[in-house]
Amino acid sequence: VGDGHTIAWEVSGASDGIPALVVHGGPGRGSMPSTRRYFDPAAYRIVLFDQRGCGSSTPHAGTPGPEGVAALDAITTDHLVADIERLHEHLGIDRWLLFGGSWGCVLSLAYAERHPARVAAMVLLALATGRRVETDLLTRGLRGWFPDAWDAFVADLTTEERAGDIAAAFAERLAHPDPAVVDQAARAWCAWEDAMLPMYPPNEAFEDLRMRTAFARSVTHVWRHGSWLEADELLRDAGRLEEIPVTLVQGTLDAGNLVGTPWLLHAALPDSRLILIDDAGHGFSGDAMVDALVRATDGYRSLRPASMASSTDGLPATPPGRH
């Protein structure tokens with residue numbers, strides 16, 4: 001895809017099915033085969049890919065030393081949007097459904113707002129828009145909820161760093177030439193990630209040195225740059241998606257609710273419906289969340305894969321509200 005990067009991708013399901021792209025979160029987490037389960041394989045042509053710097057894509061941000069740090073040089077929102085468009089053209093797809101959560105929600109919105117003609121529908125969860133208020137909440141705002149975990153998280157930071165851009169302070173440590181400094185920072189970042197997402201058990205993937213380093217480097221790289229988005233850009237430009245049906249699925253215990261993200265996004269998207277899932281947090285947690293996501297993709301099965309001409313044909317049967 002340029003800049004010395006290659007991206008890994010796969011296609012499964014029906015070869016003549018409705019194209020659907022899964023945009024993974026993190027950033028830096030890589031695609032997960034389990035996300036195929038949210039689609040009927042008889043109806044969908046399911047596309048998974050690993051964004052730059054993670055998963056099976058190369059170079060990998062978890063590589064020790066300067067090579068891993070250099071892997072971040074050509075990773076911006078613009079680069080990732082361009083990669084999605086290149087994959088779209090490579091696969092010969094007209095329009096596809098986008099499915100993404102957390103950072104995957106941010107990147108899906110960025111792609112859709114820049115290429116609305118390429119998008120037939122969207123299913124978004126763990127809602128995020130890349131605003132600084134969202135990332136500040138996750139690095140500092142939740143310290144009152146998890147005080148002991150937050151103290152451990154910032155234990156190696158100076159007082160000035162704690163008061164400033166915490167993601168930038170960690171990014172500097174994650175680029176340090178000493179592997180011990182890098183791993184200590186990666187472990188601290190990933191431990192905080194687990195602590196502030198209490199609906200999950202500890203993420204076993206973080207036990208892998210390469211994965212946790214790539215994850216911590218990627219997240220801090222994106223957050224310190226404000227996702228390369230103007231303030232409120234994705235909310236401001238959501239009107240470009242006026243003919244695209246969007247299903248928003250959000251847990252009532254998701255920390256992003258504290259800064260109003262689900263309701264702001266629902267209000268900004270002209271053709272959206274918001275489904276709130278009680279007792280669910282950030283991501284794919286709980287049977288009710290899984291059920292809502294499957295019903296959302298099932299509701300779009302009437303989209304016509306040949307032309308995908310009418311976005312309104314595939315509106316989900318699920319009404320707005322709580323389920």
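Predicted model: local features only at pLDDT ≥ 70, side-chain atom pairs only at ≥ 80, totals over all residues.
Residues are numbered from 1 along each chain as its sequence is written, and side-chain values use heavy atoms, with hydrogens and water left out.

**First stop: H2 and H3**

Select residues 77-90 for helix H2 and residues 103-114 for helix H3. Helices here are DSSP runs (H or I, at least four residues), numbered from the N terminus. The two axes come within 10 Å and cross at roughly 70 degrees; axes are lines fitted to C-alpha atoms over the stretch in contact, and angles run from 0 to 180 degrees between N-to-C directions. H2 and H3 are therefore roughly perpendicular to each other.

Now show side chains. From H2, Thr77, Asp78, Leu80, Val81, Ile84, Glu85 and His88 meet Trp103, Leu107, Ala110, Tyr111 and Arg114 of H3, contact meaning heavy atoms within 4.5 Å.

**Second stop: H7 and H9**

Move to residues 166-174, helix H7, and residues 209-224, helix H9. Their axes lie 8 Å apart, and the helices pack at an angle of about 135 degrees. To see the contact, select Ala167, Ala168, Phe170, Ala171, Glu172 and Leu174 of H7 with Ala216, Arg217, Thr220, Trp223 and Arg224 of H9.

Note on methods:
Helix = DSSP H or I, 4+ residues; strand = E, 2+ residues; numbered from the N terminus. Parallel < 35°, antiparallel > 145°, perpendicular 65-115°, else oblique.
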